[in-house]
Amino acid sequence: MTVVALRGVEEVVSGDDLADRTGSTAAESAASPASFVTLAAPGKLIEVSGGAAGARLTTAVALVRQAQLEGETTAWIQPVGGPLFPPDLADSGVDLDALIVVHIPEDRGSAGIARAAELLLRSGGYGLCVLDLSAPPPPRADASERPAPAPGQHVPENMPDRPCPRGLHGSAWQARLAGLARAHGCRVVLLTRGSARRDSLGPMVGLRLQPRRERRGSGLFAVNPDVLKHKGALPRPAASELRRGPWGLV
């Protein structure tokens, strides 16, 4: 099933909703809700996690649109056959001509996605880069599929026979991406699959959001991003935002 992003709603909201979303400037404080787009400032790693019923793509698409409004070129890296659906992105206000989509072979795994992002960010030409790391890792190859040792290569008899992992291990790759994000003032968005009880990807993640989707009416949904981690900032919740689902999602 294709996963699609929810689109922004620009209709007039009710008086009660408007009162909930606005208030006097004097009453605003660091603890008042802020748009997740505002919290996801450039120069940091941003993890957006959640399950299939969450709103990972909706949140990522909103960040792509914001970066494009700021005049930035954006990139989206995903495995071959990933969930990105261009018509829904266009309906969400994304300029497809300013979005570079990179498809990574499945056998490269999440390590291949991170490597591609590093190569793109080193150019300094991107204001936002989305890494879709939510796909399950590829299955391990069994012994019959592993290549034989090269001629003359000695393999100890007690050496365990297991393939090289394609997943991401440690935090070195995060440190490289975080350094590039700071150096070029760009946003690096990591899409992961997991519940709020799971730890973030690592210590280099500056902001972690767990968006929840709640139905508010026929075709209308509220996206509630829970802020699970925000390094170097005062605790501040993310404001709920209303979205309209794609036609046919009622």
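Predicted model: local features only at pLDDT ≥ 70, side-chain atom pairs only at ≥ 80, totals over all residues.
**Notes on the fold, helix by helix and core by core**

1. Let's start at the end of a helix: α6 is followed by Gly185, and the phi of this glycine is positive, near 60 degrees.

2. Now α6 itself. The helix covers residues 172–184, and its 13 residues should span 18 Å at 1.5 Å a residue; the C-alpha atoms at its ends are 19 Å apart, which agrees. Its buried residues are Trp173, Gln174, Leu177, Ala178, Leu180 and Ala181. Looking down the axis of α6, you find these buried residues within an arc of 160 degrees, so they line one face of the helix. Arg182 and Ala183, on the other side of α6, are exposed.

3. What does the buried side of α6 pack against? The partners are β2 (44–49), α5 (109–122), β5 (128–132), β6 (187–192) and β7 (205–217).

4. Helix α5 deserves a look as well. From first C-alpha to last, its 14 residues reach 21 Å, close to the 20 Å expected at 1.5 Å a residue. Gly109, Gly112, Ile113, Ala114, Ala116, Ala117, Glu118, Leu120 and Leu121 are its buried residues. The cover over them includes β3 (74–79), β4 (99–104), β5, α6 and β6.

5. Stepping back to the whole protein, I see six helices and nine strands. Of its 250 residues, 39% count as buried. The accessible surface comes to about 13,800 Å², and carbon and sulfur atoms own 54% of that. As for contacts with a separation of 6 or more, 74% of them join residues 24 or more positions apart.

6. The largest nonpolar core has 26 residues, and Trp76, Val130, Val189 and Leu191 have the most contacts inside it. At least two residues of this core come from each of α2 (36–39), β2, α3 (56–69), β5, β6 and β7. The largest share, seven residues, is supplied by α3. Apart from this core lies another, of 22 residues, with Ile77, Ala117, Leu120 and Leu121 among them.

7. Setting aside neighbours within four places in sequence, Trp76 is in contact with Leu57, Ala60, Val61, Val64, Leu84, Leu99, Ile100, Val101, Val102, Val130, Asp132 and Leu191.

8. Leu209 is another one to pick out. You'll find Leu209 in strand β7, and it is buried, because its relative accessible area is 0%. Not counting residues up to four places away in sequence, Leu209 touches Phe36, Glu47, Val48, Ser49, Thr59, Asp226 and Val227. Leu209 also sits 8.9 Å from Arg56, C-alpha to C-alpha, although the two are 153 residues apart in sequence.

9. Anyone wondering about disulfides: the structure holds zero of them. Cys129 is in none, and its nearest cysteine sulfur, in Cys186, is 7.7 Å away. Buried or exposed? Cys129 counts as buried because its relative accessibility is 1%, and Cys186, also at 1%, counts as buried too.

How values were computed
Residues numbered from 1 in each chain as written. Heavy atoms only, no water. Helix = DSSP H or I, 4+ residues; strand = E, 2+ residues; numbered from the N terminus. Expected span 1.5 Å × (residues − 1). Buried < 20%, exposed > 50% of the residue type's maximum accessible area, 1.4 Å probe, protein only. Arc of directions from axis to C-beta. Contact = heavy atoms within 4.5 Å. Areas by Shrake-Rupley, 256 points an atom, 1.4 Å probe, with all protein chains shown as cover. Disulfide = S-S within 2.5 Å. Core = buried A, V, L, I, M, F, W, Y, C linked by side-chain atoms within 4.5 Å.
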